[in-house]
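Take each task first, then follow the solution step by step.

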Amino acid sequence: VTVVNYFKDLPGEEINMEAFWYHSLGCAVMARNLATHVPDVDRERVFIGGLLHDIGRLVFLSYFPGAAGAALAKARKLKLPLEKVEPAFFNTDHALFGSALSDAWQFSPEISVLIRDHHKAFKGPVDKETAVVYFSNWMVSALGLGFSGENYLPKLNKRAWAAMGISTGALVPVIRQTDRQVSEAVRFFYG
């Protein structure tokens, strides 16, 4: 709640705060709901990782709206994921910056990893909690729950999906539960 209150409004017209938090909350709730189907995953840790996964982008949008707007426009024009063009404007991407913030705010190292790796390519061993946050972000974006500035949905990383070890049949109830819970939370915060 403190983080939500700290970033009440975003300057510029690219993204509105309600859509941003809807996306972040959707990712958090989806991660927690998915975690019930994935052994050895801490539900609360993936919830926090999902909620804060785009905190670096939020800082970019809040404190550097001109550069953030230019990055959004370039990503849209080139049809690239935003994290691929952010380094040209910020010398880093939002995931690395968010992870550094998490470290500075003394969050657990595990939360910092979830924030840092939520766009990971998963070429080596796949951490289950990172896979859950990655997939939750991907799914919430695919479903159009909120908007964090990402106009391009990359192909689903099959290694992340496989690491979770859940069936596609489990997704329908998770999606329904997530949609209901996020809608209730948004009504609570935004009336």
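**Exercise 1.** How many cavities of 30 Å³ or more does the count come to?

*Solution.* Before counting, note that this is a predicted model, in which local features need pLDDT of at least 70 and side-chain atom pairs count only at pLDDT 80 or more, while totals for chains, interfaces and linings use all residues. Residues are numbered from 1 along each chain as its sequence is written, and side-chain values use heavy atoms, with hydrogens and water left out.

Step 1: the rule. On a 1 Å grid over the protein atoms alone, a cavity is a set of points where a 1.4 Å probe fits but cannot get out; a pocket is an open set with protein on both sides within 12 Å along at least five of seven lines; lining residues have an atom within 4 Å of a point. Grid points are joined across faces, edges and corners, and a volume is the space filled by probe spheres set on the points.

Step 2: the count. There is one cavity of 30 Å³ or more. The largest cavity has a volume of about 40 Å³.

Step 3: R57, F60, L61, A68, A71, L72, L82, E86 and F90 line the largest cavity. At least two lining residues come from each of helix 4, helix 5 and helix 6 (helices are DSSP runs of H or I, at least four residues, numbered from the N terminus).

**Exercise 2.** At what angle do helix 4 and helix 5 pack?

*Solution.* Step 1: helix 4 (residues 55-63) and helix 5 (residues 65-78) pack at about 120°, their axes 5 Å apart. Axes are lines fitted to C-alpha atoms, for helices over the stretch in contact, and angles run from 0 to 180 degrees between N-to-C directions.

Step 1: angles under 35 degrees count as roughly parallel, over 145 as roughly antiparallel, 65 to 115 as roughly perpendicular and the rest as oblique. Helix 4 and helix 5 are therefore oblique to each other.

Step 2: F60, L61, S62 and Y63 of helix 4 make the contact with P65, A68 and L72 of helix 5 (contact means heavy atoms within 4.5 Å).

**Exercise 3.** How many aromatic pairs does the structure hold?

*Solution.* Step 1: rings of Phe, Tyr and Trp (its six-membered ring) pair if their centres lie within 6.5 Å; planes under 30 degrees apart count as stacked, over 60 as edge-to-face and the rest as tilted. The structure holds eight such pairs.

Step 1: take F60 and F90, whose ring centres are 3.8 Å apart with planes at 10°, so this pair is stacked. F60 sits in helix 4 and F90 in helix 6, 30 residues apart.
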